Amino acid sequence: MSKRSFNFSAGPAALPDAVLEKARDELLDFDGLGASVMEISHRSKQFIAVAERAEANLRTLLSIPDNYRVLFLQGGATLQFASVPMNLSGPGKTADYIDTGAWSVKAIKEAGKFCSVNVAASSKADNYNHVPVMDTWSLSKDASYLHVCSNETIGGVQFHDFPDMAALGYSDTPLVADMSSDFLSRPLDIEKFGLIYAGAQKNVAPAGLTIVIVRDDLMGQASVPLPAMLDYKVQADAGSMSNTPATFPWYMAGLVFEWLLDQGGLGAMQAINAKKAATLYGAIDNSNFYRCPVVPENRSAMNVPFTLGNADLDGEFLSGAAERGMLNLKGHRSVGGMRASIYNAVSQTAVEALTDYMAEFERSHG
Ligand SMILES: *Cc1c(COP(=O)(O)O)cnc(C)c1O
């Protein structure tokens, strides 16, 4: 087999070797058809089987209750920034948002075009280094929904607990979460949420697919006419096939779901991910050279931002990493420094290769 790098890309990101090998093995001849899965109709019985198996396995992984629909859409999480307020809120209505970083900001800005937005809490004044504690949130009495970004991919801030809206006294406010960068990294209590969405290219599949999990009663309630493609009810009724869906990413997502089941499911993934995160944050915290700006309680198990003691050494650190087969460690252009994305497909071995290199670099440059 050809060489595989240790890939710390934030997205599109690493996929499991076993998944890529399976896709390769059946690429030219899928299911005895003598054609690839990319080359057949989305309405063929072979592809319908792929689509249904993927959904069934996702339902098993997350124990999704029957009163939730699963949609396999296009347009990325970015289109959901508009779809969510268009379907769940509207002119004259208010939606609450928690602002924990760059992706929250984008979601808030887009939602403001379709409804009125109340930023119920923000950690902006602290440079987005934490999740504001729930007691301090100023929620609206009649919000259409409350939106959180479960994992800020750029800032490395993650919700480790989600609000229980009923316990907070807001049982009528559905909780909506952008889970693009931590979807399927841990088990979830789906019933806490009204809607979950995730662009697939971080932790699930190649780019081109967006997964939406939406509670039945939240569909078909829009107060203005919607483009059919953006209407959750239309998409649910059509089995996400109002038009041609992203068949190849959908198939790849299905292979990843099978792989996750083989690993033991999301409880097992959570334990594996926690160990990787502990290894990397431990290496940062136990050094005098590396630093992570996020408060320990809200650090992401998926995206780990860190800085070097001397930013002039960033280029040398990155080129040394590349020589050792470690890719895509450069921090987002908006924050600088380094960022290691350690999604499901990134192994403990890859993380230890990184921490070994970090220790070596500190010895020679610290
Ligand atoms: C990447 C990302 C997005 C944007 O996803 P697209 O699929 O590129 O639209 C939105 N939210 C979060 C948290 C992300 O990580």
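Buried means under 20% relative accessible area, exposed over 50%, and partly exposed in between, with a 1.4 Å probe and protein chains only. This is a predicted model, so local features need pLDDT of at least 70, side-chain atom pairs count only at pLDDT 80 or more, and totals for chains, interfaces and linings use all residues. Residues are numbered from 1 along each chain as its sequence is written, and side-chain values use heavy atoms, without hydrogens and water.

**Stop one: S123.** Select S123, in the loop between β4 (116-122) and β5 (146-149). Strands are DSSP runs of E, at least two residues; helices are runs of H or I, at least four; both are numbered from the N terminus. S123 is buried because its relative accessibility is 0%. Show its contacts (heavy atoms within 4.5 Å). Beyond four places in sequence, they include D99, T100 and Y128.

**Stop two: α7.** Select residues 266-285, helix α7. Its 20 residues reach 27 Å from first C-alpha to last, close to the 28 Å expected at 1.5 Å a residue. That expected span is 1.5 Å times one less than the number of residues. Colour the buried residues, among them L266, M269, L280 and I284. Down the axis of α7, the buried residues fall within an arc of 125 degrees, so they line one face. The arc uses directions from the helix axis to the C-beta atoms. Now turn to the other side: K275 and A278 are exposed there. Partners of the buried residues include α2 (45-62) and α9 (348-365).

**Stop three: R43.** Select R43, in the loop between α1 (17-25) and α2. R43 is exposed, at 51% relative accessible area. Beyond four places in sequence, R43 contacts I48 and M241.
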